[in-house]
Amino acid sequence: MVTASGATVTVVALRIEIDHEKCMGQGQCVYWAPATFDLGDDGLSRVLDAGGDPDDKIVLGAKGCPTGAISVWQGGEQLV
Ligand code: SF4
């Protein structure tokens with residue numbers, strides 16, 4: 001990515017995993033990051049696009065999961 005000042009910034013995409021054994025389909029993740037998460041026909045959350053929303057919204061959605069079903073990594077660091 002090139003910023004307005006012309007600097008080049010390396011963007012590290014998030015890696016998101018959802019444990020379907022824990023997901024209860026309550027949709028908190030979809031509320032916070034609707035372009036990233038969606039509920040499938042089975043009523044369980046899935047990842048639409050790991051870069052669909054700003055990282056902070058994705059992290060909020062993951063942290064807001066009442067069952068702790070979502071894990072998020074950036075590079076080698078686990079954020080949630
Ligand atoms: S917030 Fe958690 S329990 Fe709710 S749909 Fe998303 S992954 Fe499933």
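Is Tyr-31 buried or exposed? Tyr-31 is exposed, with a relative accessible area of 63%. The views below come from a predicted model.

**View 1. Tyr-31 and Trp-32 form an aromatic pair.** The structure holds one such pair. Its geometry is edge-to-face. The angle counts as edge-to-face because it is over 60 degrees. Tyr-31 is exposed at 63% relative accessible area. Trp-32 is partly exposed, at 32%.

**View 2. The ligand takes up the largest cavity.** Around the ligand stand 14 residues. Those that come nearest are Cys-23, Met-24, Gly-27, Cys-29 and Cys-65. By class, the shell holds eight nonpolar and six polar residues. No charged residue belongs to the shell.

**View 3. Arg-15 contacts both Trp-73 and Glu-17.** The charged end of Arg-15 sits over the ring of Trp-73, 4.1 Å from the ring centre. Arg-15 also forms a salt bridge with Glu-17. Here the closest N and O atoms are 2.6 Å apart. Arg-15 has a relative accessible area of 41%, so it counts as partly exposed. Glu-17 is partly exposed too, at 39%.

**View 4. Asp-38 forms a salt bridge with Arg-46.** The whole structure has two salt bridges. In the bridge shown here, the closest N and O atoms are 3.4 Å apart. Asp-38 is partly exposed, with a relative accessible area of 28%. Arg-46 is partly exposed at 39%.

Notes
Residues numbered from 1 in each chain as written. Predicted model: local features only at pLDDT ≥ 70, side-chain atom pairs only at ≥ 80, totals over all residues. Heavy atoms only, no water. Near = heavy atom within 4 Å. 1 Å grid on protein atoms, 1.4 Å probe; cavity = no way out; pocket = protein on both sides within 12 Å on 5 of 7 lines; lining within 4 Å. Sits in = over half its atoms within 2 Å of the grid points. Nonpolar A, V, L, I, M, F, W, Y, C, P; charged D, E, K, R; others polar. Phe/Tyr/Trp six-rings, centres within 6.5 Å; stacked < 30°, edge-to-face > 60°. Buried < 20%, exposed > 50% of the residue type's maximum accessible area, 1.4 Å probe, protein only. Lys NZ or Arg CZ within 6 Å of the ring centre and 35° of its normal. Salt bridge = Lys/Arg side-chain N within 4 Å of Asp/Glu carboxyl O.
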